[in-house]
Amino acid sequence: ARGHERRTAHAEAMVKVAMSRLMAARLAGETTEPHGPIETGATRRLADDLKNE
């Protein structure tokens, strides 16, 4: 995937927002589908982290 953010900090912030939304939904017991490539990647990373615990 190609990033369109001009600064690395912007891309990092988008990943943090996506991770926060996904983790909050999981804590609330909701099932969510990722929206877009950033949340898809964040979902994959979260699943890998949970698997490795």
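**Close-up views of a predicted model**

**View 1. The largest nonpolar core of this predicted model has five residues.** Its members are Ala18, Met19, Leu22, Ala42 and Leu46. Two elements, α1 (8–27) and α2 (36–52), each give two or more residues to this core, and it is α1 that gives the most, with three residues. In soluble globular proteins, nonpolar side chains tend to be buried together.

**View 2. Ala18, a member of the largest nonpolar core, is shown with its contacts from elsewhere in the sequence.** When the neighbours within four places in sequence are left aside, Ala18 is in contact with Ile38, Glu39 and Ala42.

**View 3. Helix α2 is shown along its 17 residues.** From its first C-alpha to its last, α2 reaches 25 Å, which is close to the 24 Å expected at 1.5 Å a residue. The buried residues of this helix are Glu39, Gly41, Ala42, Thr43 and Leu46, and what covers them includes α1.

**View 4. Pro37 is a residue of helix α2.** Is Pro37 buried or exposed? Pro37 counts as exposed because its relative accessible area is 65%, and the term exposed applies over 50%. Pro37 and Val17 are 20 residues apart in sequence, while in space they are 13 Å apart, taken from C-alpha to C-alpha.

Key:
Residues numbered from 1 in each chain as written. Predicted model: local features only at pLDDT ≥ 70, side-chain atom pairs only at ≥ 80, totals over all residues. Heavy atoms only, no water. Core = buried A, V, L, I, M, F, W, Y, C linked by side-chain atoms within 4.5 Å. Buried < 20%, exposed > 50% of the residue type's maximum accessible area, 1.4 Å probe, protein only. Helix = DSSP H or I, 4+ residues; strand = E, 2+ residues; numbered from the N terminus. Contact = heavy atoms within 4.5 Å. Expected span 1.5 Å × (residues − 1).
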